[in-house]
Amino acid sequence: MFGVLRRLRQWLFITRHPFPEQEWQRAMARLPILKGLNEQEAQHLGQRAWRFIHDKHVSLHPELIDSIELAADQRLAIAAQICLLTLGWSDSDHRHMQSNVHELQILPGAFSRQVKQTDAYGVTHDYEHRRAGETSYQGPVVASWPDVAASGNRNGFNVLIHEFAHKIDMRNSLNADGYPPLSSDISPKEWHRIYTAVWDDLQDHLARGQTPPIDAYAASLPGECFAVTCEIFFSAPEQLTSAYPDLYDLLRRYFRQDPLARFGHSPIISVEAGSNV
Ligand SMILES: [Zn+2]
């Protein structure tokens with residue numbers, strides 16, 4: 001019964017909102033992170049992105065309204081990066097994971113938050129942290145326009161993947177704790193073991209005054225470790241598999257995607273910052 005209603009709703013949606021093939025091709029051309037998707041995957045991602053921009057609210061901060069007008073291909077490029085996270089999942093899992101996603105607000109620039117953090121020795125550090133984006137349990141995702149525009153490259157940075165990885169993480173808790181809902185073929189024990197090894201290695205590097213093999217922000221909180229490693233998994237898989245091969249393999253099974261194989265020998269290319277969406 002529900003399946004019939006869902007198919008009817010999908011048919012009505014397609015009838016009212018025909019898929020914009022040209023805009024989708026332009027959106028894909030903007031995003032090096034989508035290189036290597038086969039025809040079927042690309043179409044599937046495009047359809048989900050098209051649905052995303054109708055079902056969810058993408059809004060601009062009032063200060064941006066006069067200077068930026070998001071065209072259909074730009075909105076598709078934004079939605080495609082969000083939907084890339086769950087591209088390997090079934091439609092029902094994809095919908096379920098986005099059920100706490102309601103709105104993406106784009107802000108004029110990065111913003112600061114005062115952060116209190118207790119280290120392994122029990123010492124509390126109070127500092128100001130610059131943020132490209134922010135997420136809450138049922139609230140909107142916010143992201144700065146310069147960081148949104150700079151996302152989509154093959155360089156380990158992607159504010160959209162980062163913030164929406166937090167949303168996935170929050171499907172089973174109010175906070176992003178680095179422990180998202182797992183599929184039956186990944187045990188909590190395995191997830192914990194692999195992420196703990198990465199976490200300990202990052203802390204060791206920092207304690208020795210060394211630069212960690214991935215963005216040091218991953219060492220700030222377990223939830224950030226998950227979100228940062230998702231960014232790297234999708235946009236710089238060579239870096240993740242070289243630093244933490246077990247973690248790459250875990251995320252490959254978790255997301256049911258293999259960006260490393262997908263990119264193959266395609267070079268790491270970037271579109272100039274500010275021009276991706
Ligand atoms: Zn974060």
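In helix H10 (residues 222–235), the residues Gly223, Cys225, Phe226, Ala227, Val228, Thr229, Cys230, Glu231, Ile232, Phe233, Phe234 and Ser235 are buried, a residue being classed as buried if 20 or more other C-beta atoms, placed from the backbone, lie within 10 Å of its own. Because 12 of the 14 residues of H10 are buried, this helix is largely enclosed by the rest of the structure. Helices are DSSP runs of H or I with at least four residues, strands are runs of E with at least two, and both are numbered from the N terminus. The model is predicted, and local features need pLDDT of at least 70, side-chain atom pairs count only at pLDDT 80 or more, and totals for chains, interfaces and linings use all residues. Residues are numbered from 1 along each chain as its sequence is written.

From its first C-alpha to its last, H10 reaches 20 Å, close to the 20 Å expected (1.5 Å times one less than its number of residues). The cover over its buried residues includes helices H5 (72–84), H8, H9 (188–207), H11 (237–243), H12 (245–255) and H13 (259–263).

Within H8 (residues 159–169) lies Ile161. This residue counts as buried because it has 24 C-beta neighbours inside 10 Å. With residues up to four places away in sequence left out, Ile161 touches Gln81, Leu85, Cys230, Glu231 and Phe234; contact requires C-beta atoms, placed from the backbone, within 7 Å. Ile78 is 83 residues from Ile161 along the chain, and their C-alpha atoms are separated by 10.0 Å.

An open sheet of mixed pairing is formed by four strands in the order E1-E2-E6-E5, where pairing requires at least two DSSP bridges between two strands. Strands E1 (57–60) and E5 stand at the edges with a single partner strand each, so one side of each has no neighbour in the sheet. Helix H8 packs on this sheet, touching E5 and E6, and its direction makes about 165 degrees with that of E6 (axes are lines fitted to C-alpha atoms, for helices over the stretch in contact, with angles from 0 to 180 degrees between N-to-C directions).

Strand E2 (residues 103–107) pairs with E6 in the parallel sense over four bridges, and Leu104 has Val141 as its bridge partner in E6. Strand E5 (residues 133–134) runs antiparallel to E6 and is joined to it by two bridges, with Gly133 partnered by Ala143. E5 and E6 form a hairpin with six residues between them. From E6 (residues 141–144), Val141 and Ala143 point one way and Val142 and Ser144 the other, and all are buried.

How values were computed:
Contact = placed C-beta atoms within 7 Å.
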